[in-house]
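Please read the following report alongside the sequence and the coordinates.

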Amino acid sequence: PTERRVPGGIALVDVSHYQPGLQVFFNNQPVIVVREDNAAIAVVGIPLSLDPSAPAQLMIHSGKRVIDSVSFELSAGHYPTEHLTISDQNKVTPDAESLRRIRAESAEISVLLKNIQYQHINFSAMQLPTKGRRSSSFGRRRFINGQPRKPHSGIDIAAPTGTPVYAPAAGIVTGSGDYFFNGHTLFLDHGQGLVSMFCHLTETLAAPGDEIKQGDLIARVGSSGRVTGPHLHWSLSLNDARIDPELFLAPITVDADGTD
Ligand code: ZN
């Protein structure tokens with residue numbers, strides 16, 4: 001992946017001088033370490049919520065014991081602001097029953113984003129999962145009907161309902177669900193804590209346990225959940241941090257166009 005040391009980005013940290021058996025943790029989550037010849041690089045997902053003015057710290061573990069730490073600097077992400085209008089008021093200010101549902105679902109989603117079943121990991125470039133206009137980029141600070149909401153934790157690709165969704169990289173399907181905000185959703189584990197989440201689908205075409213190759217048809221675009229129109233929302237989670245999926249695509253990508 002492309003390195004970008006900002007909240008929502010990726011840090012590539014050299015840990016070559018540590019013994020091969022040691023584990024690397026960030027924010028209490030295990031971090032992927034890629035070993036090649038005599039080099040070892042930790043591929044660290046940085047949460048959007050992290051304060052970039054404080055130095056970030058990798059913890060080096062031997063079993064349960066912390067034996068060292070490695071600090072690295074972050075810069076601010078400078079994500080743009082975005083204003084959205086949602087006509088379904090209960091999707092903006094949910095009632096008590098909806099809030100209970102949202103809490104239960106958010107616990108389920110957070111488990112699925114950490115559910116690692118696939119050990120193989122391949123860091124070659126991912127493919128965009130569907131064709132369409134990039135309607136919203138990662139990290140945008142969102143206001144919905146004028147109210148501040150969580151920043152955008154993925155990228156949006158606008159496409160007509162029924163447009164095929166293809167696996168951006170190989171993996172195993174680890175879950176699916178129908179959620180209040182995310183609508184019909186599919187989880188694809190690419191290995192060792194790198195997990196894709198596809199939202200607002202009209203149809204899922206793969207089931208938990210399915211082994212998927214890069215480019216396999218896995219779902220169809222829809223407008224389920226909280227949306228302004230049919231689109232695919234693609235989140236990518238690395239060591240339980242939602243990071244910008246653009247960093248995993250081949251470098252020649254077109255910028256989001258900055259509208260809606
Ligand atoms: Zn989105």
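Which residues does Thr163 touch, not counting residues up to four places away in sequence? In this predicted model, Thr163 touches Thr130, Lys131, Ala219, Arg220 and Val221 once residues up to four places away in sequence are set aside. Thr163 is found in the loop between strand S12, which covers 155–158, and strand S13, and at 17% relative accessibility Thr163 counts as buried, because the cut-off for that class is a relative accessible area under 20%. A further distance places Thr163 in relation to Thr202: the two are 39 residues apart along the chain, and their C-alpha atoms are separated by 9.4 Å.

**Loop residues and their contacts**

Ala167 is found in the loop between strand S13 (164–166) and strand S14 (171–179), and this alanine is buried, with a relative accessible area of 0%. Leaving aside neighbours within four places in sequence, Ala167 is in contact with Gln127, Leu188, Ile212, Lys213, Gln214, Gly215, Asp216 and Ile218.

Ala125 has its place in the loop between helix H1 (96–112) and strand S9 (133–136). With a relative accessible area of 41%, Ala125 is partly exposed, whereas Ala167 is buried. Not counting residues up to four places away in sequence, Ala125 touches Gln214, Phe248, Leu249 and Ala250, and Gln214 is also among the contacts of Ala167. From Ala125 to Gly9 the separation is 116 residues in sequence and 16 Å in space, C-alpha to C-alpha.

Val15 lies in the loop between strand S1 (10–14) and strand S2 (23–26) and is buried, with a relative accessible area of 3%. Beyond its neighbours within four places in sequence, Val15 is in contact with Val33, Ala40, Ile41, Ala42, Leu58 and Ile60. Val15 and Val34 are 19 residues apart along the chain, and their C-alpha atoms are separated by 9.7 Å.

| Pair | Apart in sequence | C-alpha to C-alpha |
|---|---|---|
| Thr163 and Thr202 | 39 residues | 9.4 Å |
| Ala125 and Gly9 | 116 residues | 16 Å |
| Val15 and Val34 | 19 residues | 9.7 Å |

**Backbone angles**

Asn145 has a phi near 50°, which is a positive value in a residue other than glycine. Asn145 lies in the loop between strand S10 (141–144) and strand S11 (147–148), and is partly exposed, with a relative accessible area of 27%. His200 likewise has a positive phi, near 70°, and is a residue other than glycine; His200, however, lies in strand S16, made up of residues 194–204, and counts as buried at 6% relative accessibility.

**The zinc site**

Which residues coordinate the zinc ion? The donors are His152 through NE2, Asp156 through OD and His233 through ND1, at 2.0 to 2.1 Å. Written along the sequence, the spacing of these donor residues is H-x3-D-x76-H. Both His152 and Asp156 are buried.

**The chain as a whole**

The protein chain contains one helix and 20 strands. For 260 residues, a compact globule would have a radius of gyration near 18 Å, and the protein chain, at 18 Å, therefore agrees with that expectation. Along the principal axes, the C-alpha atoms fill a box of roughly 55 × 40 × 40 Å. Of the 260 residues, 45% count as buried, and among contacts between residues at least 6 apart in sequence, 69% join residues at least 24 apart.

The chain has 22 positive and 26 negative charges, and the mean positions of the two sets are 4 Å apart.

Note on methods:
Residues are numbered from 1 along each chain as its sequence is written. This is a predicted model: local features need pLDDT of at least 70, side-chain atom pairs count only at pLDDT 80 or more; totals for chains, interfaces and linings use all residues. Side-chain values use heavy atoms; hydrogens and water are left out. Donors are N, O and S atoms within 2.8 Å of the metal (3.2 Å for Na, K and Ca); water is not among the atoms, so sites may look incomplete. Buried means under 20% relative accessible area, exposed over 50%, partly exposed in between (1.4 Å probe, protein chains only). Helices (H or I, at least four residues) and strands (E, at least two) are DSSP runs, numbered from the N terminus. The radius of gyration is taken over C-alpha atoms; the globule rule is 2.2 Å times the number of residues to the power 0.38. Contact means heavy atoms within 4.5 Å. Lys and Arg count as positive and Asp and Glu as negative; His and the chain ends are not counted. The place of a charge is taken as NZ of Lys, CZ of Arg, CG of Asp or CD of Glu.
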